[in-house]
Amino acid sequence: MDITTWMTNHTGWADFMLVGLFRQSQHPALLCVVIFLVFLMALSGNAVLIILIHSSAKLHTPMYFFISQLSLMDMMYISITVPKMLLDQVLGVSTISVPECGVQMFLYLTLVGSEFFLLAAMAYDRYMAICHPLRYPVLINHRVCLLLASGCWFLGSVDGFMLTPVTMTFPFCRSREIQHFFCEVPAVMKLSCSDSSLYETLMYLCCVLMLLIPVTVISGSYSCILLTIHRMNSAEGRRKALATCSSHMMVVTLFYGAAVYTYMLPSSYHTPQKDMVVSVFYTILTPVLNPLIYSFRNKDVTGALRKMLSVGPFVL
């Protein structure tokens with residue numbers, strides 16, 4: 001083996017190849033169109049929700065502030081993976097350079113980590129609103145919302161800064177084919193030719209911590225919420241509280257369930273096909289579902305949408 005080949009194999013600077021979804025499909029062109037439509041729905045749905053929240057004074061509340069942050073995260077991380085996947089399919093290429101792979105991995109980890117903590121902040125917000133309604137406007141003011149959101153983004157970026165550099169410095173001297181449609185850490189680590197067991201253990205512990213803290217906050221918040229709802233005398237108040245919390249719990253279940261499968265289950269439970277299906281679920285489908293869950297089930301949002309679509313003297 002000459003020195004050039006050796007350097008290519010052991011420095012990891014040769015381009016990776018993303019196997020992607022389309023190679024597994026019997027109708028790749030149809031799948032490409034479907035994913036493109038879903039991508040447009042996710043972008044438009046989340047963009048409309050953000051615009052509604054910022055333009056309607058009625059939606060200038062902490063709950064909708066956090067929902068707008070969730071929509072922003074969803075728009076960003078679906079844009080990290082889907083456009084390249086679709087463009088590669090159209091152009092007939094499947095390569096991604098090492099720097100591009102590292103940037104994609106960092107942004108993805110940052111956004112997913114941020115969303116873990118944002119969902120916890122949203123649960124805490126609902127706990128304060130339902131269990132301490134009189135003190136809620138004082139305790140969860142605009143400054144506190146900004147601090148909580150900033151903390152979520154910061155903690156997510158810590159996850160990206162911790163895992164990305166270590167992952168990308170491993171030598172990749174096996175096949176250059178990543179059995180995935182984007183540079184996800186477990187898929188990339190399978191290409192490493194060095195012993196990565198210690199790093200995988202540390203990554204597992206990091207992911208447990210990233211999940212444990214938000215899950216603890218969410219579980220504690222909703223336990224208190226359910227007790228408070230049970231004691232409510234007003235049937236209307238009970239119904240409204242349950243409707244708000246059930247929407248949030250749907251999002252939490254979808255997102256955390258997929259994350260637990262990807263990062264916490266032993267490798268014996270994983271196959272490339274299963275991993276891609278689960279990743280499609282929470283990187284492509286969840287950003288589409290979030291606006292639907294938070295808008296069509298919510299009279300305030302649908303009312304703001306009708307008002308925005310109204311013209312001139314017909315404004316509601």
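Modeller: Happy to, and one definition comes before the rest: two strands pair if DSSP finds at least two bridges between them. Helices (H or I, at least four residues) and strands (E, at least two) are DSSP runs, numbered from the N terminus. This is a predicted model, where local features need pLDDT of at least 70, side-chain atom pairs count only at pLDDT 80 or more, and totals for chains, interfaces and linings use all residues. Residues are numbered from 1 along each chain as its sequence is written, and side-chain values use heavy atoms, with hydrogens and water left out.

Biologist: Thanks! How many helices and strands does the protein chain have?

Modeller: There are 11 helices and 3 strands. Along the sequence the pattern reads α-β-α-α-β-α-α-α-β-α-α-α-α-α.

Biologist: And in what order do the strands sit in the sheet?

Modeller: The order is 2-1-3, in an open sheet with mixed pairing. Strand 2 (95-96) and strand 3 (177-178) are the edge strands, each pairing on one side only.

Biologist: Which way do strand 1 and strand 2 run, parallel or antiparallel?

Modeller: Antiparallel: strand 1 (residues 16-18) is joined to strand 2 by 2 bridges. Opposite phenylalanine 16 you'll find isoleucine 96 in strand 2. As a rule, strands of a sheet pair through backbone hydrogen bonds, either parallel or antiparallel.

Biologist: Switching topic, what does UniProt list as "transmembrane region"?

Modeller: Its unreviewed entry lists residues 28-52, 64-86, 106-124, 136-156, 202-229, 241-264 and 276-296. UniProt positions are given in the numbering used here, feature names are shortened, and annotations may be inferred rather than shown by experiment.

Biologist: What does the model show over residues 28-52?

Modeller: That stretch is 100% helix and 0% strand, and its end C-alpha atoms lie 36 Å apart. Residues 136-156 are 90% helix and 0% strand, with 26 Å between the end C-alpha atoms.

Biologist: Where is confidence lowest, and where is it highest?

Modeller: We use pLDDT, the predictor's confidence in each residue, from 0 to 100. Helix 1 (residues 3-11) has the lowest mean, 42, while helix 6 (residues 142-168) has the highest, 92. The chain averages 82, and 89% of the residues score at least 70.

Biologist: What about residues 1-12?

Modeller: There pLDDT stays under 50, and the model has 14 contacts (heavy atoms within 4.5 Å) beyond four places in sequence. Residues 311-316 also stay under 50, with 5 such contacts.

Biologist: How many salt bridges did you count?

Modeller: The count is 2, taking a salt bridge as a side-chain nitrogen of Lys or Arg within 4 Å of a carboxyl oxygen of Asp or Glu. One links lysine 84 and aspartate 88, whose closest N and O atoms are 3.1 Å apart. These two residues are 4 apart in helix 3 (residues 62-91), so about one helical turn separates them.

Biologist: Is that pair buried or exposed?

Modeller: Buried means under 20% relative accessible area, exposed over 50%, and partly exposed in between (1.4 Å probe, protein chains only). Lysine 84 is partly exposed at 23%, and aspartate 88 is buried at 10%.

Biologist: Which side chains meet in the salt bridge at 2.9 Å?

Modeller: Aspartate 125 and arginine 126, with that distance taken N to O. Aspartate 125 is buried at 2% relative accessible area, and arginine 126 is buried at 11%.

Biologist: And what share of the protein chain is buried?

Modeller: Buried residues make up 47% of the 316 residues.
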